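Work through the exercises below with the model open beside you. Try each task before reading its solution.

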Amino acid sequence: MSQVIIASQLDEDYNDVIRERLATIHPQAQVIGVPAGVPSDLPPQANILLLRPINVRGYTAPDTPPPGWPYGAQWVHLVSSGIDFYPQWLFNGPPVSTSRGSAADNLAEFALATLFAASKHLPDIWVKDAQWHFTALRPLKGTTLGLLGFGAIGKSLAQKALALGINVIALRQRAAPIELEGVETARDIHDLFARADHLVLAAPLTEATRHIVNRDVLGSAKPGLHLINIARGGLLDQEALLEALDNGRIGLASLDVTEPEPLPDGHPLYTHPRVRLSPHTSAISTNSRQEIAETFLANLERYVSGSALANVVDR
């Protein structure tokens with residue numbers, strides 16, 4: 001394929017990284033910056049669209065595509081791993097691929113940090129004066145980490161946890177076996193919640209998984225469970241979570257995602273004493289420009305050569 005014209009919704013500093021890499025592998029390729037949001041009036045020569053999430057910060061795309069969609073686009077690549085931030089019509093046209101796995105290590109490290117923070121009472125043990133009080137810190141070695149979902153994030157986190165002497169039990173949606181030595185497969189979601197000391201939600205959000213962690217599931221939790229959500233807020237029934245926090249079934253919730261995002265001012269999750277809330281930042285790193293570029297460019301090589309694209313969406 002001779003022509004590679006990329007319409008990109010990424011910020012220009014991200015586009016510049018891609019341009020720099022393209023200069024050595026496809027010097028004739030072009031990257032044209034286009035506005036974020038619902039793609040419209042794309043440059044007619046653009047055959048690739050690099051797309052940011054659309055349905056974010058309270059905005060919802062129209063149910064129908066803009067006039068002229070998909071313009072000249074022959075392939076759409078999403079900079080996110082999940083597809084729930086995009087309208088349905090986006091997937092009814094050219095092939096759509098995702099950046100699945102590009103931030104897996106970032107997310108795994110963040111989840112692991114929440115385990116350390118909870119077990120080592122951080123930042124509560126930092127002292128500001130001479131009034132020192134000693135706190136017994138809980139070891140992580142020998143505890144059990146539960147994983148709901150076992151894709152790239154779950155695998156990365158399991159490898160890191162096993163290296164620390166943490167027991168790992170996982171449950172994945174599809175029937176494929178978990179091919180990582182040392183990871184046990186839970187019988188079902190209730191078994192997973194009953195056995196875990198720390199439990200990470202790392203599953204995609206679909207119609208089948210919305211509010212999969214509900215009042216019934218939380219009722220199965222090992223008392224005092226530390227629940228960590230780094231995936232999507234919609235996996236978790238937040239009202240049921242607040243009840244479980246208040247009755248002690250859940251000892252701590254570390255949430256990097258919520259529904260909606262951001263939560264409205266005054267929401268009880270902001271001030272609950274056993275909730276640690278961060279602003280959906282676990283996937284973002286100082287290396288994000290390179291990580292996104294590498295995932296996209298690896299698929300671009302497949303596109304140019306006529307090979308099958310990786311991480312193609314199959315709804």
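This is a predicted model: local features need pLDDT of at least 70, side-chain atom pairs count only at pLDDT 80 or more; totals for chains, interfaces and linings use all residues.

**Exercise 1. Strand β9 and its partners**

Task: Find which way the side chains of strand β9 point, and which strands pair with β9.

Solution: 
- Step 1. Locate β9 at residues 198–201.
- Step 2. Sort its side chains. His 198 and Val 200 point one way, while Leu 199 and Leu 201 point the other way. In a regular strand, side chains alternate between the two faces of the sheet.
- Step 3. Check burial. All four of these residues, on either side, are buried.
- Step 4. Look for one partner. Strand β6 (residues 144–148) pairs with β9 in the parallel sense, over four bridges. Here Leu 145 has His 198 as its bridge partner in β9.
- Step 5. Look for another. Strand β10 (residues 225–229) also runs parallel to β9, and four bridges join them. Val 200 has Ile 228 as its bridge partner in β10.

**Exercise 2. Where the domains meet**

Task: Describe the interface of domain 1 and domain 2: its area, its salt bridge and its polar contacts.

Solution: 
- Step 1. The domain assignment gives domain 1 as 5–98 + 285–305 and domain 2 as 103–277.
- Step 2. Count the residues in contact. Domain 1 supplies seven and domain 2 supplies five.
- Step 3. Take the distance between C-alpha centres, which is 32 Å.
- Step 4. State the buried area. About 520 Å² is buried between the domains, and carbon and sulfur atoms give 40% of that.
- Step 5. List the polar links. The rule finds one salt bridge across the interface. Two residue pairs are in polar contact between the domains.
- Step 6. Now find a salt bridge in the model at Arg 232 and Asp 84. Their closest N and O atoms are 2.8 Å apart.

**Exercise 3. Tyr 86**

Task: Is Tyr 86 buried or exposed, and which residues does Tyr 86 touch?

Solution: 
- Step 1. Apply the cut-off. Tyr 86 has a relative accessible area of 5%. Buried means under 20%, so Tyr 86 is buried.
- Step 2. List contacts beyond four places in sequence. They include Leu 51, Pro 53, Asn 55, Leu 78 and Phe 91.
- Step 3. Compare sequence and space. Asn 55 is 31 residues away in sequence, but the C-alpha atoms are 5.8 Å apart.
- Step 4. Find the polar contact. The side chains of Tyr 86 and Ser 80 make one at 2.7 Å.

**Exercise 4. Asp 246**

Task: Is Asp 246 buried or exposed, and what is Asp 246 in contact with?

Solution: 
- Step 1. Find Asp 246 in helix α6 (residues 238–246).
- Step 2. Relative accessibility is 58%, so Asp 246 counts as exposed.
- Step 3. Set aside neighbours within four places in sequence. Asp 246 is then in contact with His 272 and Arg 274.
- Step 4. Examine His 272. Its C-alpha atom is 9.1 Å from that of Asp 246, across 26 residues of chain. The two side chains are joined by a polar contact of 2.8 Å.

Terms used: Residues are numbered from 1 along each chain as its sequence is written. Side-chain values use heavy atoms; hydrogens and water are left out. Buried means under 20% relative accessible area, exposed over 50%, partly exposed in between (1.4 Å probe, protein chains only). Helices (H or I, at least four residues) and strands (E, at least two) are DSSP runs, numbered from the N terminus. Two strands pair if DSSP finds at least two bridges between them. Domain bounds come from an automatic or database domain assignment. Contact means heavy atoms within 4.5 Å. Buried area is the accessible area (1.4 Å probe) that two parts lose on being put together, summed over both. A salt bridge is a side-chain nitrogen of Lys or Arg within 4 Å of a carboxyl oxygen of Asp or Glu. A polar contact is a pair of N or O atoms within 3.5 Å; within protein, one must be able to donate a hydrogen and the other to accept it, and residues adjacent in sequence count only if both atoms are side-chain atoms.
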